[in-house]
Amino acid sequence: MATLRELKSRIGSVASSEKITGAMKMISSAKMHKAEQGLRRLQPFRRQVEDVIGNLLQADVECTSPLLERREVSHIAVVVFGSDDGLCGAYNVNIFKQLLQHLADYRREFGDAVRITLYPIGAKMLKAVKKLEDATLDVVTLEGVDSKTVGEGVRVFTDRLRQDFESGAVDRVDYLYMHFRSVSKQIPTFGQLMPVVPEQFAGSGDGAGQRQGRPYIFEPSPQEIFRSILPMLLMAVMEDLFTENRASEQAARVMAMQSANDNAKKLLEQLQLEYNKLRQQSITTELLDILGGQVR
């Protein structure tokens with residue numbers, strides 16, 4: 001049985017842990033809200049780009065681009081988003097499980113010989129996917145690209161993927177990330193970045209159905225506009241992915257710290273109760289000893 005001194009020491013340690021987890025929860029919450037604000041700032045630009053593409057596709061013109069080219073798939077690049085830091089619960093584990101499932105799907109669909117290149121974003125995800133390397137699966141990391149990358153770093157990374165696709169080095173570029181819905185809900189989401197699927201923009205933008213049939217004058221030509229705006233779309237999508245990944249990571253950390261804080265409170269209550277019982281028992285024993293001495 002623990003002594004009063006040992007219990008008091010444990011109570012102090014648990015109380016300190018409770019304060020630390022509470023502080024970490026507040027920090028993560030602030031970072032999550034910052035990432036949410038970033039998402040709200042990015043969305044108008046992406047919507048506008050998609051709206052322009054939708055207008056071009058609704059016009060009576062033929063738009064082509066190397067980014068639309070569909071070819072037989074023998075080499076796939078997959079960008080897998082994770083975290084650089086820990087203490088975010090099962091965040092990286094859930095993404096990794098989804099990755100394993102999609103890797104199995106690739107081999108079923110395209111054969112065991114299909115080559116796969118993984119681009120892990122975040123040190124934790126890199127550590128996990130490194131174990132998967134084999135004769136047909138490579139893991140590639142780019143210097144300066146991690147889960148906290150913004151701005152120019154995202155542009156350089158996106159350009160690298162685009163050049164690989166346009167040169168034929170890879171036949172398809174996919175991504176896997178945790179879609180941010182709320183602080184308590186993040187959904188593993190898989191998507192195709194390249195080749196771009198233009199059909200998804202045919203009705204994009206507010207009031208797209210009302211615009212059908214309206215005449216447009218394009219300057220420069222629709223083809224030039226289309227070829228110029230597709231890279232902007234890729235950049236907008238990639239910015240969204242990096243920002244959503246940060247928001248989801250911090251949301252997962254908020255929930256993990258909340259759970260740790262709740263557990264610390266419960267443990268603190270149990271230790272305090274045990275301490276009070278032991279202290280009461282000690283006082284009762286001393287009183288009995290005093291009374292026994294007086295009787296004698």
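Helices (H or I, at least four residues) and strands (E, at least two) are DSSP runs, numbered from the N terminus, and two strands pair if DSSP finds at least two bridges between them.

Quick note before going on: this is a predicted model, where local features need pLDDT of at least 70, side-chain atom pairs count only at pLDDT 80 or more, and totals for chains, interfaces and linings use all residues. Residues are numbered from 1 along each chain as its sequence is written, and side-chain values use heavy atoms, with hydrogens and water left out.

Now, pockets. A pocket is an open set of points on a 1 Å grid over the protein atoms alone, where a 1.4 Å probe fits, with protein on both sides within 12 Å along at least five of seven lines; lining residues have an atom within 4 Å of a point. Points are joined across faces, edges and corners, and a volume is the space filled by probe spheres set on them.

The second largest pocket holds about 210 Å³ of space. Phe-180 is one of its lining residues, and so is Asp-240. Helix 1, strand 4 (172-182) and helix 6 each supply at least two residues of this lining.

So, is Asp-240 buried or exposed? Asp-240 sits in helix 6 and counts as buried, because its relative accessibility is 6% (buried is under 20%, exposed over 50%, partly exposed in between, using a 1.4 Å probe and protein chains only). Beyond neighbours within four places in sequence, Asp-240 is in contact (heavy atoms within 4.5 Å) with Leu-39, Leu-42 and Arg-46.

Last stop: the largest pocket, with about 480 Å³ of space. It has 18 lining residues, and the closest to the centre are Lys-31, Lys-34, Ala-35, Arg-246 and Gln-250. Helix 1 (4-58) and helix 6 (222-295) are the elements giving two or more residues to this lining, and helix 1 has the largest share, with 9 residues.
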